[in-house]
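Subject: Structure handover

Hello,

Please find the structure below. My notes on what was found in it follow.

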Amino acid sequence: MVVRQENVENNAKKIFIRQLIAGTIFCLLGMLWHRNYFIPMAIGALAGFSDAFFFLKAIVTGMPKSPQKARRGMRISMLYRLGSMVLMVLLLKALNGNILPALFCYLFLHLALMFNMALFSKKNKELM
């Protein structure tokens, strides 16, 4: 099977849009559950969106490269992803926010990304 760069980019965009929808729904549900949790959950959602963005960007940019260069790009994206987590915690500490709802939102979006890529993609597609 030939993997085309356009197919990978299109599928990555679809997955990211699904992440945006899932995060928005989860934040709204959290706001309905307890209004004080909306800001921490929104910060957790932003960290989750940046996590998905850096992960999918590394996949898209790594596809045309050699395996060694692609691995290097994934390592750099991991540093960006960890940086987004550190920024989330620092922002919550500065706002005296509750970190537990933010962590739940971040973990939910991370799991949604994995399920989105593994379960909801067709079997013979890229970004599975």
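Arg81 touches Asp51, Phe54, Phe55 and His110, leaving aside residues up to four places away in sequence; a contact here means heavy atoms within 4.5 Å. Arg81 counts as buried because its relative accessibility is 10%. Buried means under 20% relative accessible area, exposed over 50% and partly exposed in between (1.4 Å probe, protein chains only).

This is a predicted model, in which local features need pLDDT of at least 70 and side-chain atom pairs count only at pLDDT 80 or more, while totals for chains, interfaces and linings use all residues. Residues are numbered from 1 along each chain as its sequence is written, and side-chain values use heavy atoms, with hydrogens and water left out.

Arg81 lies in helix H3, and Arg75 has its place in helix H3 (residues 67-94) too. Arg75, however, counts as exposed because its relative accessibility is 56%.

The chain has four helices and zero strands; helices (H or I, at least four residues) and strands (E, at least two) are DSSP runs, numbered from the N terminus. Read from the N terminus, the order of elements is α-α-α-α.

Of the 128 residues in the chain, 35% count as buried. Among contacts between residues at least 6 apart in sequence, 77% join residues at least 24 apart.

Regards
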